[in-house]
Amino acid sequence: MNQSLHETPPRAISSKIEAFGWVMQRFTGLGLVLFLALHFWVQHMPNGFLATATEYNDIVAEFATKSPEYAEAIADGHIKEALPEEHVITYSSVAARLANPLWKAIDIMLLLFALAHGLNGLNNVLVDYVQRAALRKALFAGSLAVCLFLSVQGIASILAAGSGA
């Protein structure tokens, strides 16, 4: 077997792919920590991005006047009033935040990093536990298709939110 000096042996290519996967898992994990911290700060802390209890209770009262089902859900205790110092996530507060392109970019990055991290982790599990190469490739291809679908749907949803579309 006469191999030219410029050809890379298959094992060396496989090692480079594995090393790239290892580095990407760390990179996406670090990105997830950053973007999740931003997400929790914005979505769950009283920082101006959340509705006050009064705003939320006004929304609930308005919906109750427009929909008998909603009024029944309130009467049954399924929808409760916000406590006086409570801050609540509402669609209007999320839409207002997502009107800013920076927050859209942050949410898209969170989505893409989470999907890439999960897909890479799933690939590692498939390599460890699925012995038949054809089945492993088929499962990975299916997972990749689902990830691509979720990416497109998620990005479309994020771009539409807050844009008035």
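A crossing of two helices is left-handed if the near helix is turned anticlockwise from the far one by less than a right angle. I needed that term for my first entry.

**Entry 1: α2 and α3**

I am working with a predicted model. I started with two helices, α2 (residues 53-66) and α3 (residues 68-75). Two packed helices are described by the angle between their axes and the distance between the axes. I looked up both values. The axes of α2 and α3 come within 5 Å. They cross at roughly 125 degrees. That angle makes α2 oblique to α3. I also noted the hand: α2 and α3 make a left-handed crossing.

**Entry 2: α5 and α6**

How do α5 and α6 cross? I found that their axes come within 10 Å and cross at roughly 170 degrees. Angles over 145 degrees count as roughly antiparallel, so α5 is roughly antiparallel to α6. Next I sorted the residues of this contact by class. I got 17 nonpolar, 4 polar and 3 charged residues where α5 meets α6.

**Entry 3: residues on α5 and α6**

L122 is found in helix α5. F140 has its place in helix α6, and S143 lies in helix α6 as well.

Is S143 buried or exposed? I read a relative accessibility of 17% for S143. Buried means under 20%, so S143 counts as buried. L122 has a relative accessible area of 34%, so I wrote it down as partly exposed. F140, at 26% relative accessibility, also counts as partly exposed.

Then I checked C-alpha to C-alpha distances. L122 and S143 are 21 residues apart in sequence, and 8.4 Å apart in space. F140 and V127 are 13 residues apart in sequence, with 9.7 Å between them in space. S143 and I17 are 126 residues apart along the chain, and their C-alpha atoms are separated by 18 Å.

**Entry 4: the largest pocket**

I turned to empty space. Rolling a probe the size of a water molecule over the atoms shows where such space is left. The largest pocket has a volume of about 730 Å³. I counted 23 residues lining this pocket; the closest to its centre are I17, G21, N120, N123 and N124.

Which element gives the largest share of the lining? I found that α1 does, with 11 residues. By class, the lining of the largest pocket has 11 nonpolar, 7 polar and 5 charged residues.

**Entry 5: looking back**

I17 is among the residues closest to the centre of the largest pocket, and its C-alpha atom is 18 Å from that of S143.

Note on methods: Residues numbered from 1 in each chain as written. Predicted model: local features only at pLDDT ≥ 70, side-chain atom pairs only at ≥ 80, totals over all residues. Heavy atoms only, no water. 1 Å grid on protein atoms, 1.4 Å probe; cavity = no way out; pocket = protein on both sides within 12 Å on 5 of 7 lines; lining within 4 Å. Points joined across faces, edges and corners; volume = space filled by probe spheres on them. Helix = DSSP H or I, 4+ residues; strand = E, 2+ residues; numbered from the N terminus. Nonpolar A, V, L, I, M, F, W, Y, C, P; charged D, E, K, R; others polar. Buried < 20%, exposed > 50% of the residue type's maximum accessible area, 1.4 Å probe, protein only. Axes fitted to C-alpha atoms, helices over the stretch in contact; angles between N-to-C directions. Parallel < 35°, antiparallel > 145°, perpendicular 65-115°, else oblique.
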